[in-house]
Amino acid sequence: MTKTAVVALGGNALTRTGQSGTCDEMLANAAAMAAAVNDVIEAGWRVVIVHGNGPQVGNLALQQEATTMVPAQPLALLNAMTQGLLGSLIARAVDLLRGPGTAAALITHVTVDPADPAFGSPSKPIGPFFGATEAQRLAANRGWVVQPDSGRGYRRVVASPEPTSVIEIAALRALVDAGHLVIAGGGGGIPIAETGTRSVTVDAVIDKDRAAGLIARLLGAQALLLVTAVDRVMLDFGRPTQSELGTITAAEAARHLGEGQFPPGSMGPKIEAALRFLADGGELAVVTSPGLLAATLTGDGGRSGTRTERTPSQAGQGR
């Protein structure tokens, strides 16, 4: 039976640090991501891609606020716009490698709990970086919440609640079963909340790793692949005792997480998504860079990323 892998690509993989987010830049980045994913398909896996949208949805929000000639749209609809934009770029890049119609981009809605405490504590960075003075001015003028991000400046932050279900999961499953590479849950999905007898969109941006983990669990996927800028997860990052993690068990990953090794703003959400996926029956969770994706998934030896396994059959290799 063909196995399924859900691949989570960050929005920063499509608009990289230092880039402005032009069409040509995003096309080139999508081509690089498609090549990495194609290696996974060539290894015999079905693939579902979930992508982030932090830079793109923030940039789109700035464009919305740049004119009063047309009405600005709410953040939930900007999420939908970026699903179409980035889904198209990724699908075109995949089809160039594997033939027209291979990839299908599915507009995806996810449900959230309106009482989720995340709505009271915005934490998801979107859009470009600003200096402290400009960030404070924008916060005052536009009602934004801004926070420092990764030591590179300040960014707008918005609510990022936990996704609880995927409305289009049956359609997604049918497309996967038909042999398509499916791009779904773009930007973490368009958030929907139940309020009494009706469903309404809510302004938030879902963490793409959480959305990817949820989709992987609902599909019964065997692997969850979390793509990042580094080859391997680090322990004691930035200290003289820094070390890389190769193949580990879920129990080891949970222990390191509990010890505070993986900060909430960087590696923490990835490890949390991996552990939940494995606890619900997944076989393998991978965190690595695009170039090592297939090698880490197949475990064929040589340089690979970080593999977290539910059972300890291969744990300890490659450390």
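A residue is called buried when its relative accessible area is under 20%. His51 has a value of 1%, so it counts as buried. This is a predicted model. His51 lies in strand S2. The C-alpha atoms of His51 and Gly187 are separated by 5.7 Å, although the two are 136 residues apart along the chain.

Thr82 belongs to helix H4, residues 75–98. Its relative accessible area is 0%, so Thr82 is buried. The side chains of Thr82 and Asn53 are joined by a polar contact of 3.0 Å. Beyond neighbours within four places in sequence, Thr82 is in contact with His51, Asn53, Gln56, Val57, Leu60 and Gly87.

## Confidence

The protein chain averages a pLDDT of 91. A score of at least 70 is reached by 97% of the residues. Residues 314–319 fall below 50. That stretch still has 19 contacts in the model beyond near neighbours in sequence. Where pLDDT is low, the predicted coordinates should not be read in detail.

## Strand S1

Strand S1 covers residues 3–9. Six of its seven residues are buried, so S1 is largely enclosed by the rest of the structure.

S1 pairs with two strands. Seven bridges join S1 to strand S2, residues 45–51, and the two run parallel. Lys3 stands opposite Trp45 in S2. S1 also pairs with S12 in the parallel sense, over four bridges. There, Ala8 has Leu226 of S12 as its bridge partner.

## Nonpolar cores

In soluble globular proteins, nonpolar side chains tend to be buried together. The largest nonpolar core here has 41 residues. Val6, Leu172 and Ile215 touch the most other members. H7 supplies the largest share of this core, six residues. A second, separate core holds 32 residues, including Ala13, Met26, Val37 and Val47.

What does Val6 contact, once its neighbours within four places in sequence are left aside? The set is Val48, Val50, Ala212, Ile215, Ala216, Leu219, Ala221, Ala223, Leu224 and Leu225.

## Helix H7

Helix H7 has 12 residues, which should span 16 Å at 1.5 Å a residue. Its end C-alpha atoms are 16 Å apart, in agreement. The expected span uses one less than the number of residues.

In H7, 10 of the 12 residues are buried, so the helix is largely enclosed by the rest of the structure. The buried set is Lys208, Asp209, Ala211, Ala212, Gly213, Leu214, Ile215, Ala216, Arg217 and Leu219. Their cover includes S1, S2, strand S8 (163–166), helix H6 (169–177), S12 and H9.

## The ends of H7

At the start of H7, a side-chain oxygen of Asp207 comes to within 3.0 Å of the backbone nitrogen of Asp209. Gly220 follows the helix, with a positive phi near 70 degrees.

Gly220 lies in the loop between H7 and S12. Its relative accessibility is 45%, so Gly220 counts as partly exposed. Gly220 and Glu283 are 63 residues apart in sequence. Their C-alpha atoms are 10.0 Å apart in space.

## Helix H9

Helix H9 covers residues 268–279. Its 12 residues should span 16 Å at 1.5 Å a residue, and its end C-alpha atoms are 16 Å apart, which agrees. Nine of the 12 residues are buried, so H9 is largely enclosed by the rest of the structure.

The buried residues of H9 are Gly268, Pro269, Lys270, Ile271, Ala273, Ala274, Leu275, Phe277 and Leu278. They pack against helix H7 (208–219), strand S12 (223–227), helix H8 (250–258), strand S16 (284–288) and strand S17 (306–309). Just after H9, Gly281 takes a positive phi of about 115 degrees.

## Asp236

Asp236 is not a glycine, yet it has a positive phi of about 55 degrees. Asp236 is found in the loop between strand S13 (234–235) and strand S14 (243–244). Is Asp236 buried or exposed? Its relative accessible area is 17%, so Asp236 is buried.

Notes: Residues are numbered from 1 along each chain as its sequence is written. This is a predicted model: local features need pLDDT of at least 70, side-chain atom pairs count only at pLDDT 80 or more; totals for chains, interfaces and linings use all residues. Side-chain values use heavy atoms; hydrogens and water are left out. Buried means under 20% relative accessible area, exposed over 50%, partly exposed in between (1.4 Å probe, protein chains only). Contact means heavy atoms within 4.5 Å. A nonpolar core is a set of buried Ala, Val, Leu, Ile, Met, Phe, Trp, Tyr and Cys residues joined through side-chain atoms within 4.5 Å. Two strands pair if DSSP finds at least two bridges between them. A polar contact is a pair of N or O atoms within 3.5 Å; within protein, one must be able to donate a hydrogen and the other to accept it, and residues adjacent in sequence count only if both atoms are side-chain atoms. pLDDT is the predictor's confidence in each residue, from 0 to 100.
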